[in-house]
Amino acid sequence: MAWDIIVLGSGPAGLAAAVAARGRNKSVLVIGNRWQDSPLAKAERVDNYPGLPGRTGLEMLEEFHRHALELGTEFVVGRGLSLLAWNGFSITVGAQVYQGQSLILAPGVVRSAKYPGEAEYLGRGVSYCATCDGMLYRNKPVTVVGLTPDAPQEANYLNSLGCQVTYLSPKKSDRLEIKGEQTVTAVQSGGEILPCEGVFILRSAVAPTDLFPGLETEKGAILVDRRMATNLPGLFAAGDCTGAPLQISKAVGEGLIAGLSAAEYIKQSDAERTK
């Protein structure tokens with residue numbers, strides 16, 4: 001299925017982007033975790049959002065979500081695990097692929113630190129999506145690092161392909177390292193070496209730079225211009241992922257601009273194609 005704009009992230013920035021884009025009559029799909037699971041939902045009181053002091057984070061998010069939903073925004077709960085930028089954007093969530101002419105990144109801050117060796121072997125044995133890349137490891141030994149509730153299901157899927165699956169549920173204090181030569185050869189967990197040809201690291205969120213290796217960042221924040229445009233055509237970003245201050249007002253304002261900019265990008269792209 002295809003939409004004009006896909007928003008990756010269901011927090012204030014993503015929902016504001018959806019509202020703005022729907023105001024320009026663009027079809028919008030928001031992909032993200034349940035809004036109830038947002039870190040903001042845990043805030044007992046928010047006093048720095050203009051005009052709405054004293055609300056809980058959960059109350060604010062519920063109103064943001066309802067606004068976007070009533071305007072016709074569509075939602076998919078899940079993790080964006082792989083992305084292809086060609087003739088627009090195709091993003092994989094589970095076994096489904098969603099397409100959009102433009103993409104807005106609003107995932108908040110992905111705080112999970114990488115394991116040693118993870119970045120070095122990304123695409124050379126390290127994967128974040130079993131359903132995307134599992135067939136590459138059919139009948140081969142793999143290790144699943146399960147950090148999400150649905151990780152066992154993804155491990156079972158790999159097992160159904162004939163993969164020889166070793167499943168790990170590491171704690172934050174556990175030492176885990178990915179080893180290899182040209183490609184992954186093993187995972188070291190504690191003092192044990194687990195030989196494998198692939199390792200699937202299943203987190204609740206994937207950093208945008210893992211989806212877009214060419215995305216320009218500075219000190220961990222996505223670089224954007226005044227239009228919230230990144231260095232990649234058709235790709236915009238808003239909210240905490242663009243850096244401090246990590247405030248709801250800033251996220252909503254950037255989401256608004258990103259939604260309007262994405263709609264304008266589509267308008268200009270359509271005009272170019274009809275020339």
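Predicted model: local features only at pLDDT ≥ 70, side-chain atom pairs only at ≥ 80, totals over all residues.
A polar contact is a pair of N or O atoms within 3.5 Å. The backbone nitrogen of Leu232 is 3.1 Å from a polar atom of the Thr230 side chain, and the backbone oxygen of Leu235 is reached by the side chain of Thr230 at 2.9 Å. Thr230 belongs to the loop that runs between strand 15 (221-222) and strand 16 (235-237). Its relative accessibility is 11%, so Thr230 counts as buried, the cut-off for this class being under 20%. When residues up to four places away in sequence are not counted, Thr230 touches Leu215, Ile222, Leu223, Val224, Leu235, Phe236 and Ala237.

The side chain of Arg203 is joined to the side chain of Glu118 by a polar contact of 2.8 Å.

Pro107 lies in the loop between strand 6 (96-105) and strand 7 (126-127). With a relative accessibility of 28%, Pro107 counts as partly exposed, because this value falls between the limits of 20% for buried and 50% for exposed. Along the chain, Pro107 and Leu8 are 99 residues apart, yet their C-alpha atoms are separated by 6.0 Å. Leu8 is also among the residues that Pro107 touches; the others are Gly9, Pro208 and Cys241, with residues up to four places away in sequence left out of the count.

Helix packing was examined for one pair. Two packed helices are described by the angle between their axes and the distance between the axes. The axes of helix 1 (residues 12-23) and helix 2 (residues 57-70) cross at roughly 25 degrees and come within 9 Å. Helix 1 is therefore roughly parallel to helix 2, since angles under 35 degrees are placed in that class. The crossing in which helix 1 passes helix 2 is left-handed. On the side of helix 1, the contact is formed by Pro12, Leu15, Ala18 and Val19, which meet Leu61, Phe64, His65, His67 and Ala68 of helix 2. Sorted by class, the residues of this contact between helix 1 and helix 2 are seven nonpolar and two polar, with no charged residues.

Definitions and conventions
Residues numbered from 1 in each chain as written. Heavy atoms only, no water. Axes fitted to C-alpha atoms, helices over the stretch in contact; angles between N-to-C directions. Helix = DSSP H or I, 4+ residues; strand = E, 2+ residues; numbered from the N terminus. Parallel < 35°, antiparallel > 145°, perpendicular 65-115°, else oblique. Left-handed = near helix turned anticlockwise from the far one by under 90°. Contact = heavy atoms within 4.5 Å. Nonpolar A, V, L, I, M, F, W, Y, C, P; charged D, E, K, R; others polar. Buried < 20%, exposed > 50% of the residue type's maximum accessible area, 1.4 Å probe, protein only. Polar contact = N/O pair within 3.5 Å; in protein donor to acceptor, adjacent residues only side chain to side chain.
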